[in-house]
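User: I have a model open in my viewer and would like to learn how to read its features. Could you walk me through them one at a time?

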Amino acid sequence: MPAAKPITIVGGGLAGLTLGIGLRQRGVPVTVHEAGRYPRHRVCGEFISGRGQDSLTRLGLREWLARSGAVSARTAAFFTATQSSAPRPLPSPAICLSRFALDVALANKLRAIGGELLEGERVAAESIGEGLVRATGRRPPAETGGSRWFGLKIHARNVALAADLEMHVSADGYVGLCQINGGEVNVCGLFRKRAGNPGDAPNGRGLLLGQPGSPLRERLAGAAFDEDSFCAVAGLSLRPERAAARSELCVGDAITMIPPVTGNGMSMAFESAELAVAPLAAWSRGETGWREARRKIARDCDAAFARRLAWAKWLQRLVLTPALQNPLAALAARSDWFWRLAFERTR
Ligand SMILES: Cc1cc2nc3c(=O)[nH]c(=O)nc-3n(C[C@H](O)[C@H](O)[C@H](O)COP(=O)(O)OP(=O)(O)OC[C@H]3O[C@@H](n4cnc5c(N)ncnc54)[C@H](O)[C@@H]3O)c2cc1C
């Protein structure tokens, strides 16, 4: 029998590591190149929700993450500067784990099952061809007009939440608070920088604290922040893209980034990695061509994600339109319908 052909994955984030683990489980030789080093903090709501949880279970990683301290989120509440909803049960529970712990847990797992993981190795962007998978995360926006988005996050202690996940919206973005491992709360926000307004740039952690008098400011009044966990990311593109439109084999955010308000980006990273495992293992065994494998993975990813991406685009618009925020808070306070619709259609 011919030797299995090796696969190289560029990017050791969630999609790249999960794909590497899935391929190793099928005996495929794998090398992952990661530009950074583990452990590291990443801008992320750290709220894993949706079908990606099933991908983790099927890949045998759910228990592994539970051992890394993952906690369960079962309730959510919605806040504006002046209104709040009572905690509502989430239609299905989420798993919450810091990226500091999550990425290193997956990296350790990959190494434990024989994957080669090279840290501090940035691969030239143009060199993604046969045998290489792009898992390099978000891409910069194609156009420069309109709003630009940036994200901030920091961990805190001494924060008592009303629900496992709290969403605090304001005119120019939102902040999510969620209970994570180690008794900490993740404070993560997405903000809009309007084009042509240079004064409206990321001003560090201050934006995460909310306006004076807001429920968010009140919630974080006694917080003890872990300054080492603070991180920021700019140049986010939230325009949905199709995997089939990519000429390279991509997984995770390298295909497209779902608006973070859905809390589904990590799930899509896990799901796309799982969808890529069987076709890539078949290529490695010489049973299919690279082009065929790439097309199948792209088709399956588009079929899995197209509907939720479309709903996510509208949810993001709705939640971030200032005139609609108080009516939405009132709706969220009154019925489970809004939660269920927003939650189920975006995952
Ligand atoms: C503000 C904000 C909040 C979010 N909140 C949530 C949430 O609550 N729940 C959720 O599910 N998702 C959330 N997300 C989305 C989630 O973080 C991403 O969808 C997820 O990280 C995608 O995983 P990935 O592996 O595709 O990319 P990444 O995790 O970004 O990993 C890509 C990796 O590739 C490496 N890399 C890049 N270029 C190269 C190169 N040339 N060579 C080698 N390595 C390279 C990078 O160093 C990085 O480690 C949020 C995102 C933002 C911005």
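Analyst: Let's start in a loop: N158 sits in the one between β8 (148–157) and β9 (165–170). Please keep in mind that this is a predicted model.

User: Is N158 buried or exposed?

Analyst: A residue counts as exposed when its relative accessible area is over 50%. N158 has 59% relative accessibility, so it is exposed.

User: What is the phi of N158 near?

Analyst: The general idea comes first: most residues other than glycine have a negative phi, and most peptide bonds are trans. In N158, phi is near 60°, a positive value in a residue other than glycine. E46 also has a phi near 60°.

User: Where is E46 found, and is E46 buried or exposed?

Analyst: E46 belongs to the loop between β2 and β3. The cut-off for buried is under 20% relative accessible area, so E46, at 0% relative accessibility, counts as buried.

User: You also mentioned peptide bonds. Which residues does a cis peptide bond join here?

Analyst: That bond links Y38 and P39, and its omega is about -10°. P39 is placed in the loop between β2 and β3 (47–48), and E46 is found in the loop between β2 and β3 as well.

User: What does I180 touch?

Analyst: Leaving out residues up to four places away in sequence, the contacts of I180 are E46, V71, C96, L97, S98, H155, V185 and N186. I180 itself is in the loop between β10 (173–179) and β11 (185–193). With a relative accessible area of 1%, I180 is buried.

User: Now I'd like to step back. How many helices and strands are in the protein chain?

Analyst: The protein chain has nine helices and twelve strands. Its radius of gyration is 20 Å, close to the 20 Å that the globule rule gives for 347 residues, so the chain is as compact as a globular protein of that length. Along the principal axes, the C-alpha trace spans about 70 × 40 × 40 Å.

User: Which helix holds W283, and what does W283 touch?

Analyst: W283 is in helix α6, and its relative accessible area of 5% makes it buried. Beyond residues up to four places away in sequence, W283 touches K5, P6, I7, E130, G131, T288, G289, W290 and A293. For the protein chain, among contacts between residues at least 6 apart in sequence, 75% join residues at least 24 apart.

User: Finally, how should I read the arginines R299 and R317 in α7?

Analyst: R299 lies in helix α7 and counts as exposed at 53% relative accessibility. R317 is also found in helix α7, but with a relative accessible area of 45% it is partly exposed. The C-alpha atoms of R317 and P259 are 9.8 Å from each other, although the residues are 58 apart along the chain.

User: And how are charges placed across the protein chain?

Analyst: There are 45 positive and 31 negative charges, and their mean positions are 4 Å apart. As for the surface, the accessible area comes to about 15100 Å², with 52% belonging to carbon and sulfur atoms.

Definitions and conventions:
Residues numbered from 1 in each chain as written. Predicted model: local features only at pLDDT ≥ 70, side-chain atom pairs only at ≥ 80, totals over all residues. Heavy atoms only, no water. Helix = DSSP H or I, 4+ residues; strand = E, 2+ residues; numbered from the N terminus. Rg over C-alpha atoms; globule rule 2.2 N^0.38 Å. Contact = heavy atoms within 4.5 Å. Areas by Shrake-Rupley, 256 points an atom, 1.4 Å probe, with all protein chains shown as cover. Lys, Arg positive; Asp, Glu negative; His and termini not counted. Charge placed at Lys NZ, Arg CZ, Asp CG, Glu CD. Buried < 20%, exposed > 50% of the residue type's maximum accessible area, 1.4 Å probe, protein only.
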